[in-house]
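Visitor: I'm new to this one. Can you walk me through it?
Guide: Gladly. Here it is.

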Amino acid sequence: MTSALVRAMLSPLHRRAKPDAKSQGRCIFCSKAGLTKEHLWPVWATPLLGISRAEKHTEQSFTTQNTVLIRPPRTKAKPGPLRTKKLRVVCGGCNSGWMSALEDTAKPMLTALITSQPRALTSDDLEVLARWVALKVMVAECDIRDLAVTPPDVRKRFKADQQVPSDFRICIGQCGVGGWQCGYYRHAATVAKSPLVTPQHQFKNIHSVAIGIGDLFIFAMYTTLSGLFNANPSYSEALVPVFPAKGA
């Protein structure tokens with residue numbers, strides 16, 4: 001996984017409290033105890049990805065300041081292929097309840113996209129897909145909670161209404177030839193709208209996430225700085241906007 005600390009020349013931002021020790025053992029969506037392991041990649045997708053002979057996978061994080069690496073990258077070898085990665089950040093009620101229901105709804109279209117089966121995506125499909133991607137982004141970023149961007153109140157609101165926050169940008173494409181099964185890359189930074197003042201905090205307020213699973217490529221961005229993104233961003237011709245949907 002990739003994360004970075006970037007101190008740009010920015011305006012002061014609202015300070016966000018760092019999570020305390022007690023919050024580390026609480027669900028990121030409802031704050032309840034009793035955390036369970038959540039698969040980053042769906043278990044049902046394993047047969048779609050073919051056989052993996054990998055006995056381990058590697059996770060890496062690094063920190064930069066003004067694009068300069070300020071400490072050696074941290075690299076960890078974990079047992080099993082990457083698609084077996086689990087995160088203990090959600091409770092059993094959320095995991096087996098609304099999260100499971102959302103994934104069941106998204107499964108048919110995800111199956112088609114992962115295996116490059118022809119499927120016309122309706123506006124309802126795009127809404128479900130956007131919610132599923134937002135869910136995965138929120139779960140995965142909490143693998144290192146100090147580097148998470150999405151505020152706790154936004155995650156709780158997402159659980160309640162399952163509406164993708166307006167400052168998300170999500171698009172999808174088809175992975176190129178190469179035979180990879182899955183991948184996850186994330187870059188988090190501290191930025192602001194003004195080029196005049198450097199912020200006095202180090203809390204992340206923007207990140208970009210790239211996810212690969214089979215033939216499906218997902219790219220998402222999210223920021224807590226309202227109005228930073230264009231209402232209707234332009235993408236490469238190789239990418240299809242999911243949220244906000246084109247023309248929305």
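**Buried cysteines and beyond**

Guide: Start with cysteine 142, which is buried, at a relative accessible area of 3%. Buried means under 20% relative accessible area, exposed over 50%, and partly exposed in between (1.4 Å probe, protein chains only). This is a predicted model, where local features need pLDDT of at least 70 and side-chain atom pairs count only at pLDDT 80 or more, while totals for chains, interfaces and linings use all residues. Residues are numbered from 1 along each chain as its sequence is written, and side-chain values use heavy atoms, with hydrogens and water left out.

Visitor: New topic. How many salt bridges?
Guide: Six. The rule asks for a side-chain nitrogen of Lys or Arg within 4 Å of a carboxyl oxygen of Asp or Glu. Glutamate 103 and lysine 136 make one, at 3.7 Å from N to O.

Visitor: Where do glutamate 103 and lysine 136 lie?
Guide: Glutamate 103 is in helix H2 and lysine 136 in helix H3, so the pair ties together parts 33 residues apart in sequence. Helices (H or I, at least four residues) and strands (E, at least two) are DSSP runs, numbered from the N terminus. Glutamate 103 is buried at 14%, and lysine 136 is buried at 4%. Glu38, Glu103 and Lys136 are linked in a salt-bridge network.

Visitor: What does glutamate 141 pair with?
Guide: Arginine 186, with the closest N and O atoms 3.8 Å apart. That pair joins helix H3 to strand S8, 45 residues apart.

Visitor: Back to H2. What's its span?
Guide: H2 covers residues 98-114 and reaches 23 Å from its first C-alpha to its last, close to the expected 24 Å. That expectation is 1.5 Å times one less than the number of residues.

Visitor: What happens just after H2?
Guide: Serine 116 takes a positive phi of about 60 degrees.

Visitor: Last one. Which residues have the most contacts inside the largest nonpolar core?
Guide: Phe29 and Val139, in a core of 53 residues. Such a core is a set of buried Ala, Val, Leu, Ile, Met, Phe, Trp, Tyr and Cys residues joined through side-chain atoms within 4.5 Å. H3 gives the most to this core, with 12 residues.
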